[in-house]
Amino acid sequence: MTETEYQHPLMRAYWKQLDTRFPQVEEVFDDLMAEALAVLTREGIDAYLEAGRVIGKLGRGVEPMLAFLEEWPSTAKAVGESALPAVMALIQRMQKSPNGRAITPFLQTLAPVARRLQSQALLQHYLDITLDFMERTTGSIHGHHTTFPSPGLPEFFAQAPALLNQLTLAGLKNWVEYGIRNYGTHPERQKDYFSLQSADARAVLQRERHGTLLVDVERKLDLYLRGLWQDGEHLVPYSTAFDELRKPIPYYDKLGIRLPDVFDDAGEISGIDRYRVVLAHMVGHRRWSEAQIADNWSPFQRMAVEFFEDCRIETLLIREYPGLRRLFLALHPKPVQDACDPETTSCLRHRMAMLSRALLDPDHGYADADLNDFVARFHAVMAQGESSTSEIASLALSYVAKTRRQSDQFAKVHFDDTVVDYRDDNRQLWKFIEAGDEEESFDEKRKIEPGEEIRGLPPRHYPEWDYSSQTYRPDWASVYEALHASGNAADIDRLLQKHAALAKRLKKMLDLLKPQDKMRIRYQEEGSELDLDVAIRSLIDFKGGATPDPRINMSHKTSGRNIAVMLLLDLSESLNEKAAGSDQTILELSQEAVSLLAWAIEKLGDPFAIAGFHSNTRHDVRYLHIKGYGEHFNDDVKARLAAMEAGYSTRMGAAMRHAAHYLGARSADKKLMLILTDGKPSDVDAHDERLLIEDARQAVKELDQDGIFTYCISLDPKADEYVGDIFGRQFTVIDHIERLPERLPQLFMALTK
């Protein structure tokens with residue numbers, strides 16, 4: 001595809017801006033742009049293309065450029081497109097160091113890492129960990145002035161998604177630190193550690209696992225927010241491991257509700273319940289709190305207002321869901337009354353924490369007269385209704401005025417048992433009328449304007465199984481789907497006429513498989529009519545003194561097949577070869593067989609779909625729709641069948657996973673996927689011939705777990721060497737390919753009896 005071949009002027013401009021001549025990029029450019037335009041802003045598109053251009057000029061081939069173009073839209077959707085400069089900065093650092101070969105694995109796993117982290121701040125911490133790792137493990141051989149790359153960096157990138165599925169960023173940082181400290185001078189051991197091959201790596205990983213990760217319970221919390229509180233705000237994690245001076249506190253702003261990335265259990269309160277308490281508290285503020293002008297109030301006064309308002313909110317929450325009181329009290333500290341010495345220490349926080357506990361706990365047990373007086377006044381105000389932020393603020397200011405002490409100004413502050421960690425930082429409770437405090441501005445979401453639409457669907461990314469490490473490579477294969485081109489439907493009608501005698505024999509078999517309209521269900525206590533045989537037998541038993549069978553009725557039900565079928569066709573280049581002992585190509589024989597099978601399934605009335613696939617590296621797996629579940633076997637479908645062409649390679653695992661995406665959505669008692677192929681899984685970028693065989697085998701396991709039965713019809717005479725490894729016993733090898741039009745429908749009917 002050249003610049004002049006793009007019909008849409010916008011596409012021509014985008015292609016010119018990317019400035020590359022890689023044919024692999026040209027093949028998928030319009031589909032990649034469809035995804036980018038749906039996700040990125042106008043400025044983001046320019047930055048995306050410029051970054052792709054820069055990566056393409058690094059001199060490291062097409063892989064890093066393709067990886068970036070595929071992964072960045074998903075990354076930007078997860079963490080924001082403003083993270084791109086930091087990503088490009090790290091790429092430039094790797095390029096200028098001996099670690100340039102690590103750029104590709106870094107980009108290949110960027111999107112799954114970003115989806116796991118879900119915020120730009122956390123992604124920046126991940127990049128910082130990576131940069132520190134690279135700098136500390138890249139070394140020099142003194143005397144030769146030769147710098148060698150970090151041995152473990154590419155392996156670390158490959159394992160990063162799996163690590164972040166189990167660890168927080170703090171845990172990841174500790175795990176990396178252990179590996180650098182112990183294996184920094186041992187290249188081979190470093191590789192084993194960071195590829196999770198060594199027992200030491202797995203042991204440290206297990207040690208660093210703790211708590212409830214937000215990403216693991218995010219869906220449950222979203223349902224909790226929507227179901228109980230009618231709030232659908234976006235949840236954004238932050239890490240508590242990188243700010244040692246001031247630990248972050250939950251808060252909310254225009255971009256969403258910010259929560260820590262992990263919560264450990266607190267006594268009997270689980271991590272997920274801690275998240276629920278934090279969310280309930282913030283939802284209460286969003287529902288009932290009003291911002292107050294804070295310019296004329298001292299920090300001490302604002303602190304008191306926040307404590308009182310927090311208690312008002314929690315009182316209202318407890319009224320709505322009384323069970324929250326137990327959780328609030330379990331997580332709220334209970335300061336000891338005489339723990340703070342006012343002669344030497346500022347006790348303001350201590351007094352406020354005691355008051356906060358007393359406002360929520362009827363059995364607080366504190367004897368301070370001022371505290372009990374304001375507890376009574378608070379409950380009197382709340383007894384009249386919901387109250388308001390301004391009314392509670394007046395009560396808080398009265399409390400400060402009555403209990404103020406000279407020692408409150410002391411530099412030494414009592415902090416023990418004063419931090420209520422499930423409360424947010426109350427930033428939304430205040431507003432300031434100072435010059436220059438304008439509200440933050442945010443980018444509007446990207447919208448594709450009329451006339452700007454680009455043809456093609458965004459790619460779907462699927463993992464691929466790496467049997468050597470026994471892990472998935474996330475987002476490894478990019479599947480592009482499209483409607484198959486059309487030809488002449490009359491060609492398929494001629495093929496069906498050619499096999500008219502075979503169709504006549506098949507029709508007799510089909511009549512036996514067709515569902516009967518009615519089927520009797522006997523031995524029913526209640527039914528639509530009397531079952532005379534059973535009724536007479538029961539009457540004889542009754543007359544003879546035996547206990548009669550009360551099930552003397554019968555009913556009827558419609559007997560039907562409930563099967564959904566997916567026929568997946570391998571359309572790789574080898575189908576263009578002549579079949580042994582025949583003047584026809586394998587493709588032509590496959591076309592006849594599929595036409596007969598489609599005719600047979602249509603006669604049976606089973607819902608079915610037909611799709612073909614081929615691949616040209618993992619970046620370009622093509623999935624072509626020939627017939628959808630909602631279509632009949634009509635002229636449109638026949639026209640697509642007539643236009644079938646073969647080319648490229650066979651990346652079977654990715655195609656099966658994508659086909660399962662459609663088949664799995666069908667509601668059927670039995671889901672059958674038939675794979676028609678003439679060779680083993682292979683591709684030009686898979687140098688290990690076992691790699692794609694093992695991936696297809698893993699895909700079969702995945703489909704089986706999802707209730708999808710897979711069966712392979714192989715036309716390869718050497719298939720016995722590998723097809724059993726993939727499909728177990730669920731395959732048939734057809735040695736005489738010329739019999740395929742006869743054998744394929746017969747196999748289907750045998751599988752669906």
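Which residue forms a salt bridge with E694? I looked it up: the partner is R697, with the closest N and O atoms 3.7 Å apart. A salt bridge here is a side-chain nitrogen of Lys or Arg within 4 Å of a carboxyl oxygen of Asp or Glu.

Ground rules, before I go on. This is a predicted model, where local features need pLDDT of at least 70 and side-chain atom pairs count only at pLDDT 80 or more, while totals for chains, interfaces and linings use all residues. Residues are numbered from 1 along each chain as its sequence is written, and side-chain values use heavy atoms, with hydrogens and water left out.

**Entry: helix α26**
E694 and R697 sit three residues apart in α26 (residues 689–705), so about one helical turn separates them. Helices are DSSP runs of H or I with at least four residues, strands are runs of E with at least two, and both are numbered from the N terminus. I checked accessibility too: E694 counts as buried at 14%, whereas R697 is partly exposed at 34%. The cut-offs on relative accessible area are under 20% for buried, over 50% for exposed and partly exposed in between, using a 1.4 Å probe and protein chains only.

**Entry: the other salt bridges**
My search of the whole structure gave 46 salt bridges. In one of them R93 pairs with E135, and their closest N and O atoms are 2.3 Å apart. That pair links distant parts of the chain: R93 is in helix α5 (residues 84–96) and E135 in helix α8 (residues 120–137), 42 residues apart. R93 is partly exposed at 39%, and E135 is partly exposed at 42%.

R276 comes out partly exposed at 26%.

**Entry: the sheet**
Next I looked at an open sheet of three strands, in the order β4-β6-β5, with mixed pairing. Edge strands β4 (235–238) and β5 (251–253) each have a single partner, so one side of each lacks a neighbour in the sheet. Neighbouring strands are turned by 30 degrees against each other on average, direction ignored; the axes are lines fitted to C-alpha atoms, and angles run from 0 to 180 degrees between N-to-C directions.

How many bridges join β5 and β6? I found three, with β5 and β6 (residues 256–260) pairing in the antiparallel sense. Two strands pair if DSSP finds at least two bridges between them. Y252 has I257 in β6 as its bridge partner.
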